[in-house]
Amino acid sequence: MSGVEESDDKMMYCASCGIGQVDDVKLKDCSACKLVKYCGVKCQKEHRPQHKRACKQRAAELRDEILFKQPERSHLGECPICCLRLPLGQEKSTMMPCCSKFICNGCEYANSIYELEGCLQRKCPFCRHLVPNSEEETKRNMMKRVEANDPVAMRQMGGMRRKEGDYDGAFEYWSKAAGLGDVGAHYQLSVVYRDGEGVEKDKKKELHHLEEDAIGGHTFARHNLGIMEGKNGRPDRAVKHLIIAAKLGQDQSLSSLRRLYAAGIVSKEDLAGALRAHQDAVEETKSQQREAAEAARTDRVK
């Protein structure tokens, strides 16, 4: 009998008492490692001392498989109007409080020109809701989205609460948003646990939220994980994180990889692959509209 067949055969029996899976006995996987099955909680507890070491090792392997999988794009996704990747950097897109959509500067600029030339009222480029005229109106619009369980609005509202010094309120909003799958909220929670804002500092929870953030495509969280792993003396893991971030367009990670290449830690092939993917990721965020918007912004600054 092959090793695979033996493994499959073991999966049909409770790892503790040996009872087989039949119509009236349903076995459940060990939730952490998926290596063995149990007929009930009692058997799982009794088998725990024997299984603990292998379970912990396999659970870590499964976690790393998820953690080091290359995301297709950053957590920002695409502009819902032009359908091009949103560029990295908060200043290169705008969150609309009426619909919680992030609109690239190019589409926002094109919409502004259209409204200006037609002497039209300012509206959201996506949902066409009138742009609020005051901060209070902005908050009311955002609260409507919060009440609709919009995680992006919850994350933004958490940011507002933090600016007001309401750390408990910020933590509550970010926790709810993270629970609903918002990647950016995980990053905010990692900062909270790092700095101890309204909670006790907790390295484990900081790391957990950074990892969830990185899995979701947050390039800065991924870069931070790379730096942390380097400081912890695990260069192999550090390089993996930095390569993933660089391939998503993160400039800082690419710079770090270049330094590590010069130090002989990163191979020429890995650096070249990261550089090509980085260039592709950046190119995918470019358009004539976005270039025009950037030129207009530069002129205003001058």
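The radius of gyration of this protein is 24 Å, whereas a compact globule of 302 residues would come in near 19 Å. Keep in mind as you look around that the model is predicted. Along the principal axes, the C-alpha trace spans about 80 × 50 × 40 Å.

**Overall build**
- You will find 13 helices and four strands in the protein.
- Of the contacts with a separation of 6 or more, 46% are between residues 24 or more positions apart.

**Surface and interior**
- Buried residues account for 38% of the 302 residues.

**Aromatic rings**
- Two aromatic pairs are found in the structure.
- One of them joins Phe171 and Tyr193, whose ring planes stand at 85 degrees with the centres 6.0 Å apart, so this pair is edge-to-face.
- Helix α6 (residues 167–179) supplies Phe171 and helix α7 (residues 183–195) supplies Tyr193, so the pair ties together parts that are 22 residues apart in sequence.

**A lysine over a ring**
- Another spot to look at is Phe68, where Lys240 lies over the face of the ring, at 5.1 Å from its centre.

Notes:
Residues are numbered from 1 along each chain as its sequence is written. This is a predicted model: local features need pLDDT of at least 70, side-chain atom pairs count only at pLDDT 80 or more; totals for chains, interfaces and linings use all residues. Side-chain values use heavy atoms; hydrogens and water are left out. Rings of Phe, Tyr and Trp (its six-membered ring) pair if their centres lie within 6.5 Å; planes under 30 degrees apart count as stacked, over 60 as edge-to-face and the rest as tilted. Helices (H or I, at least four residues) and strands (E, at least two) are DSSP runs, numbered from the N terminus. A charge sits over a ring if NZ of Lys or CZ of Arg is within 6 Å of the ring centre and within 35 degrees of the ring normal. The radius of gyration is taken over C-alpha atoms; the globule rule is 2.2 Å times the number of residues to the power 0.38. Buried means under 20% relative accessible area, exposed over 50%, partly exposed in between (1.4 Å probe, protein chains only). Contact means heavy atoms within 4.5 Å.
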